[in-house]
Amino acid sequence: MIDAYIASGQFAEAKSSLNDALEFYPSDAWLYQRQAKMYAKQGDLMRQYQSQGEYYVRLQEYTAAFEQFELALKQPGNDFYLLSGIEARLNQLRQEQQDSRKKK
């Protein structure tokens, strides 16, 4: 259903369906990939890269996730809260990586 909404340009419905699904399945990588696709079709590159980064986090592909979050930060835009959220997530992931290295 989500893919059908995206394909037909019904982005409000797609976003609503994705948000509902992510509330129940926050670790589902596929949902983040769909979200990235939706934002790409809307031309919202910052959110596209952010969602793609979350997709890679769910797959434990941290190098790719870092790249996506860095790309998100380089996109034009002045949404302070979105930028701050992306920076915070990137810092959180970096800290988790450092902590996991210390445990080894």
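Guide: Let's begin with one term: a helix here is a DSSP run of H or I with at least four residues, and helices are numbered from the N terminus. This is a predicted model. Just after helix 4 comes Q60, with a positive phi of about 60 degrees.

Visitor: Where does Q60 sit, and what makes its phi worth a mention?
Guide: Q60 lies in the loop between helix 4 and helix 5. Its phi is near 60 degrees, which is a positive value in a residue other than glycine.

Visitor: Why is Q60 called exposed?
Guide: The cut-off for exposed is over 50% relative accessible area. Q60 has 59%, so Q60 counts as exposed.

Visitor: What does the protein consist of, and in which order do the elements run?
Guide: The protein has six helices and zero strands. Read from the N terminus, the order is α-α-α-α-α-α.

Visitor: How do you know that the length of helix 4 agrees with what a helix should span?
Guide: Helix 4 covers residues 45-58, which is 14 residues.

Visitor: Which residues of helix 4 are buried, and what do they pack against?
Guide: The buried ones are M46, Q48, Y49, S51, Q52, G53, E54, Y55 and V57. They pack against helix 3 (29-42), helix 5 (62-73) and helix 6 (80-103).

Visitor: Why is Q68 called buried?
Guide: Q68 belongs to helix 5. Buried means under 20% relative accessible area. Q68 has 14%, so it counts as buried. Apart from neighbours within four places in sequence, Q68 is in contact with Y49, Q52, G53 and Y56.

Visitor: What about M1, buried or exposed?
Guide: M1 is in the segment before helix 1. With a relative accessible area of 70%, M1 is exposed, because exposed means over 50%. From M1 to D79, 78 residues along the chain, the C-alpha separation is 30 Å.

Visitor: How many aromatic pairs are there?
Guide: A search of the whole structure finds two. One of them is formed by F80 and Y81.

Visitor: Which residues touch the most other members of the largest nonpolar core?
Guide: That core has 13 residues, and I2, I6, A14, L18, L31 and M38 touch the most other members. Helix 1 (2-7), helix 2 (11-24) and helix 3 each give two or more residues to this core. The largest share, five residues, comes from helix 3. As for A14, it touches I2, Y5, I6 and M38, not counting residues up to four places away in sequence. There is also a second, separate core of 11 residues, and among its members are Y49, A65, I86 and L93.

Visitor: How do you know that the overall size agrees with a compact globule?
Guide: For 104 residues, a compact globule would have a radius of gyration near 13 Å; the protein has 14 Å, so the values agree. Along the principal axes, the C-alpha atoms fill a box of roughly 45 × 30 × 20 Å.

Visitor: What share of the residues is buried, and what share of the surface belongs to carbon and sulfur atoms?
Guide: Of the 104 residues, 36% count as buried. The accessible surface is about 6,600 Å², and 48% of it belongs to carbon and sulfur atoms. As for contacts between residues at least 6 apart in sequence, 45% join residues at least 24 apart.

Key:
Residues numbered from 1 in each chain as written. Predicted model: local features only at pLDDT ≥ 70, side-chain atom pairs only at ≥ 80, totals over all residues. Heavy atoms only, no water. Expected span 1.5 Å × (residues − 1). Buried < 20%, exposed > 50% of the residue type's maximum accessible area, 1.4 Å probe, protein only. Contact = heavy atoms within 4.5 Å. Phe/Tyr/Trp six-rings, centres within 6.5 Å; stacked < 30°, edge-to-face > 60°. Core = buried A, V, L, I, M, F, W, Y, C linked by side-chain atoms within 4.5 Å. Rg over C-alpha atoms; globule rule 2.2 N^0.38 Å. Areas by Shrake-Rupley, 256 points an atom, 1.4 Å probe, with all protein chains shown as cover.
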